[in-house]
Amino acid sequence: MSLTPSQAAVMERGLIDSGFNCVLQMPTGSGKTWLAEQAMAQVLGRGQRALYLTPLRALASELMERWRERFAPNPIGVFTGEFGRSGRAYPVSYHNARLLVMTPERLDSCTRNWRSHWGWIPEVDLLVVDEIHLLGDRHRGARLEGAISRFRRLNPFVQILGLSATLGNRVELAGWLDGVEFASDWRPIPIDWRFVRYRKANEKPSLLLSEVGRCVGQGGKSLVFVQSRRRAEALSLFLAKQGLRAYHHHAGLNHSSRREVEEGFRQGSCDVLVATSTLEMGLNLPVRQVVLYDVQSFDGNEFRPLPTNQVWQRVGRAGRPGLDPSGEAVLFSPTWDRAADGYPRGVFEPVRSGLSQPRLLAEQVLAELSSGLARTRSQLRRTFGHSLAAHQNRMPDLEGLLRQMQETELIREDTEREPDSGELRLCPTRLGRIAARHLMEPATVRLFRTAMLDEPEASFFDILLLASSSPDCEPLLPVDFEELDSLGDALARESSRFLSKARSELEDRLGVGGKRLLAALKMSQVARAWTRTGDADQVAELTGCYPFEVLRLRESLIRLLAAMADIHRVEKPGDHRPPRPPEEEVSLADKIHALSQMLQAGLDEEVITLTLVPGVGPTWARRLKQADITDLEALAQAEPEALAALPGLSARRAYQWMDAAVELVRTRSAFWYRESRPSNLTSSETSSGTINGVDPYRLRRALDLQLRPLDEGMYHVWGGLEPHRVWLQGSTWDCDCRDAKEGQTCKHILAVRLARGDRTLKLAVGTVEQGRSEGPINLRDLWFDAPSPGGSSHDPWNR
Amino acid sequence: MEPIVRALNTRGGKIRFPAYIPVTTFGEEYPLDDLVRPYLPRLAQAMMVSYHYARNRNLSDRPNLPLLVDSGGFSALFKDARIRKRNGLGCIERTLDGSHQLLSPLDALDLQERIADVAFTLDFPIPPGTKPAEAKVRQALTIANAHWALANRRRSDLLLYACVQAWDAASARACARAYAGCPFDGIAIGGLVPRARDLVGVLSIVDAVRAEIGDKALHVFGLGKPDVVAELFRHGVDSVDSSSYVRLAVDGRLWSNPGARITDPSATDRLHLALCNLAMATGQTLPLGASRWLFSTSILQRLEEGQTDDSR
């Protein structure tokens with residue numbers, strides 16, 4: 001095999017063999033993975049272990065298949081969230097695997113519980129961190145950094161090999177790792193950049209058809225990146241109707257559907273793939289043409305231009321070796337905005353440490369204390385003194401953070417002192433340990449703890465709402481404006497104490513507001529629907545999300561409820577709750593436990609009581625329900641002959657179950673779980689049509705927008721789905737958006753008028769703000785609110 | 001002409017001389033040993049464990065290195081211990097929590113047969129100040145135990161070292177002479193740790209033994225300080241064992257800079273210190289990439305001078 005110039009350069013310099021940590025920055029397709037494979041082969045050849053980190057579960061499985069033969073007979077283990085739980089054992093154990101492939105989250109967990117992994121950690125000679133630019137990811141970055149730091153301290157012999165195509169501060173990263181760096185911009189196939197300019201957003205689809213049609217007509221394949229799932233589906237349908245073999249790809253599809261689409265693309269049954277950022281990294285899908293249909297994305301708060309790193313991650317796929325003389329990168333850009341013209345220069349954004357955020361640093365403090373790797377303030381200072389955040393002079397005030405964590409009862413000072421220094425030891429409290437054990441942000445633990453103490457009579461829906469509001473719940477399910485009415489109707493049927501609170505009180509209780517609160521309400525609705533039907537497809541159809549999302553949400557909530565149950569068991573000092581007599585109503589702890597089982601099984605609160613009977617699991621509970629035995633009382637009163645007639649149930653077991661049910665109903669009742677207090681949540685209607693003659697909906701949306709003058713009497717307005725132009729025509733303002741074409745005073749015009757000091761509008765804004773926090777929540781008001789769902793970098797609106 | 005390489009071929013692998021053999025323990029008493037142990041194969045050729053820390057322990061996950069197991073004779077120095085003569089052999093009787101425990105040559109050999117690649121016979125240290133009569137009794141029992149072990153060894157691949165206990169060069173020579181012509185695989189000198197400050201005296205004992213045993217492998221128990229070890233090797237000692245590399249690390253110290261100290265070392269700080277100390281003792285090099293994580297003289301110097309950021 002002949003080496004590429006960059007591969008040859010790396011090998012000639014001996015970077016892989018040097019033993020130094022190494023950061024390699026090379027474009028997509030230029031052979032980084034091959035270099036990593038050489039390093040791994042050397043390590044395995046001398047009988048040591050290698051560890052490969054990949055950010056994608058799907059890619060981990062793909063790599064294992066690819067390397068099984070390459071590195072035989074070394075056993076290869078894959079350790080991702082798909083295994084370990086739900087009875088699905090790892091194909092190869094940690095102990096036996098010589099090459100371990102895992103996600104950064106799994107490594108984080110291993111290093112926090114390092115004592116359980118001490119049989120293999122010291123034997124790892126090589127840690128490959130693929131897509132090392134993820135150190136800068138707002139959520140995953142801090143955990144990746146913490147994991148790398150702990151691993152290096154536990155195993156000082158490990159060599160780290162970091163790979164990326166897009167690093168703005170490669171030298172700085174190599175310095176942090178005390179290693180060397182190498183960069184090359186050689187690509188097997190050069191990229192030709194083209195800009196497609198449009199004056200109006202409605203011109204884009206036909207322009208896309210022209211571009212993609214030309215590519216396919218010449219025998220090429222095209223990958224189109226868009227900013228939302230809905231757009232991916234709509235555009236792929238549009239292209240298909242024009243005769244192209246086009247499909248869509250996004251995170252709403254389950255794994256098998258995504259793999260099917262990917263395979264179809266590879267094998268030739270599909271020529272055009274319209275995708276969200278799911279195809280940005282990793283998977284091998286070579287194409288001739290990459291189209292960036294949208295050069296902005298929603299970052300959780302607003303629409304922003306795509307970072308250069310992300311543009312290049314996407315564009316890097318253009319050009320198939322042996323088939324295309326060059327790759328084509330096509331960027332759609334409005335005629336009046338040249339900001340995108342800078343992308344081809346490839347000036348990448350620097351990777352910034354996530355530990356610069358205090359809440360994420362707090363999580364890592366707990367991880368260090370819980371794992372026993374640090375016990376005092378000075379040890380923590382030394383540990384984080386080696387962090388990337390410290391290296392970049394972006395460390396928050398650690399002392400201040402520790403004080404805050406003590407005040408919020410996540411850590412405490414022990415009475416024991418270190419024997420030599422006399423320094424007091426720091427320990428995580430039980431709450432702190434729970435946060436560390438469940439890989440949760442401290443904010444989540446505090447949220448749960450406070451809410452459960454103050455709301456002991458929370459309903460099932462309230463518990464779900466609490467969990468859905470936490471920063472650790474995923475996936476976020478955004479609410480479209482069109483869904484507000486149906487959501488309001490669904491919520492009105494739920495039993496909930498929370499929903500009858502005033503909006504400001506509810507936002508304080510849950511720690512979220514605006515669109516994030518709406519998302520939490522929807523997620524709670526989805527989860528509750530799941531407990532009532534146990535059918536992901538049905539729930540997805542009912543709630544306007546995807547079946548895969550229903551199942552992922554269920555998984556996430558089960559994890560959060562486990563943490564909630566642990567937190568609930570922690571007594572507050574001075575709180576000596578007497579044990580509840582069994583005949584009293586079900587406790588919050590019982591509800592959390594029951595709800596967890598309901599989520600596991602997809603059963604409601606009555607049917608779940610059947611599982612209290614020893615030997616009745618979810619499967620049997622479902623079968624009994626089908627036989628009209630829907631709760632514990634019904635089982636206790638069932639006819640033995642009828643019960644024994646059920647296929648697979650012996651008479652002996654039927655009698656055992658009935659006897660157990662009779663005994664149980666003395667102390668428990670299915671009635672106790674029933675909830676009968678619907679919320680008094682109003683629907684999504686607003687309290688008034690217009691405010692000072694201005695449509696409040698458009699006015700609220702206008703507040704989210706940004707603008708800059710282009711010329712005298714002309715503005716560029718952005719922050720919505722598309723950028724637009726607003727100009728003065730005579731004495732009135734006009735806009736090129738559809739809303740304005742239909743005769744409305746659109747939000748873009750309102751934004752310009754506000755910026756120019758329109759007094760009427762300013763008064764209207766004041767009225768809107770005043771009515772916000774009073775009275776029960778109003779969904780439409782929540783939707784108008786500018787703050788949005790927790791700034792998730794997973795881009796919940798647009799996967 | 002091929003250079004002569006002295007080595008010991010054990011069931012668990014070859015040990016090239018001179019060799020520093022790190023002492024380790026199994027169990028929970030010394031947590032740092034658990035951290036260091038997996039790294040021993042990177043920095044050492046073999047490892048030593050005492051009878052007391054190997055008995056009733058799970059050694060199934062031990063590193064893949066030749067294992068040397070001593071007899072536990074140092075327990076004769078404990079306050080509750082008494083040396084007894086039974087059937088011409090020496091035993092150690094201890095009273096622990098009201099119960100009597102006996103360590104006999106059979107007990108030691110039994111365990112060594114099961115797990116060791118190299119075994120040391122049951123000996124009785126003779127600390128400075130021991131009365132001459134008592135010293136002679138201890139030496140005689142040490143010699144008797146050694147001969148008994150040789151006669152009763154069952155595993156043909158278990159290498160057996162006879163132990164020398166003495167109070168001066170002359171008595172050391174006499175003890176070594178008692179093993180002359182016997183097919184021991186090596187001779188081990190004990191009881192030098194309390195005499196370590198008198199390096200001249202120690203070396204005179206070593207010279208006396210070496211003169212008697214000819215080419216046999218010679219081991220010294222318990223002396224691990226690098227400069228002392230260097231002298232011992234120069235005087236013909238083939239191997240030493242010591243736990244001081246890790247005891248120093250517990251205390252936050254580095255051999256290469258004895259004056260400096262971390263007053264508040266974390267678990268991984270101690271691990272790194274121990275690895276540095278061990279590398280220095282065994283003459284192995286540490287990976288370049290570990291330089292930030294492991295200590296150097298200059299780093300400790302800065303800590304000693306109280307530089308505020310505590311960063312290395």
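**View 1. Two domains of chain B, set side by side.** In this predicted model, the C-alpha centres of domain 1 of chain B and domain 2 of chain B sit 29 Å apart. Where does each domain of chain B run in the domain assignment? Domain 1 covers 7-242, and domain 2 covers 245-312.

**View 2. Where the two domains of chain B meet.** Here you can look at who touches whom: 16 residues of domain 1 of chain B are in contact with 18 residues of domain 2 of chain B. Put together, domain 1 and domain 2 of chain B bury about 1,400 Å² between them, and 78% of that comes from carbon and sulfur atoms. Which residues of domain 1 of chain B lose the most area to domain 2 of chain B? Look for B:Tyr20, B:Leu32 and B:Leu43, which together make up 46% of what that side buries.

**View 3. Polar links across the interface.** How many salt bridges are counted between domain 1 and domain 2 of chain B? The count is 0. Polar contacts do turn up, though: 2 residue pairs across this interface of chain B are in polar contact.

**View 4. The domain 1 side, piece by piece.** On the side of domain 1 of chain B that touches domain 2 of chain B, the elements giving two or more residues are strand 3 (19-24), helix 1 (31-36) and helix 2 (40-43) of chain B. Helix 1 of chain B gives the largest share of that side, with 4 residues. Sort the residues of this side of domain 1 of chain B by type and you get 11 nonpolar, 2 polar and 3 charged.

Definitions and conventions
Residues numbered from 1 in each chain as written. Chains lettered and ligands numbered in written order. Predicted model: local features only at pLDDT ≥ 70, side-chain atom pairs only at ≥ 80, totals over all residues. Heavy atoms only, no water. Domains from an automatic or database assignment. Contact = heavy atoms within 4.5 Å. Buried area = accessible area lost by both parts, 1.4 Å probe. Salt bridge = Lys/Arg side-chain N within 4 Å of Asp/Glu carboxyl O. Polar contact = N/O pair within 3.5 Å; in protein donor to acceptor, adjacent residues only side chain to side chain. Nonpolar A, V, L, I, M, F, W, Y, C, P; charged D, E, K, R; others polar.
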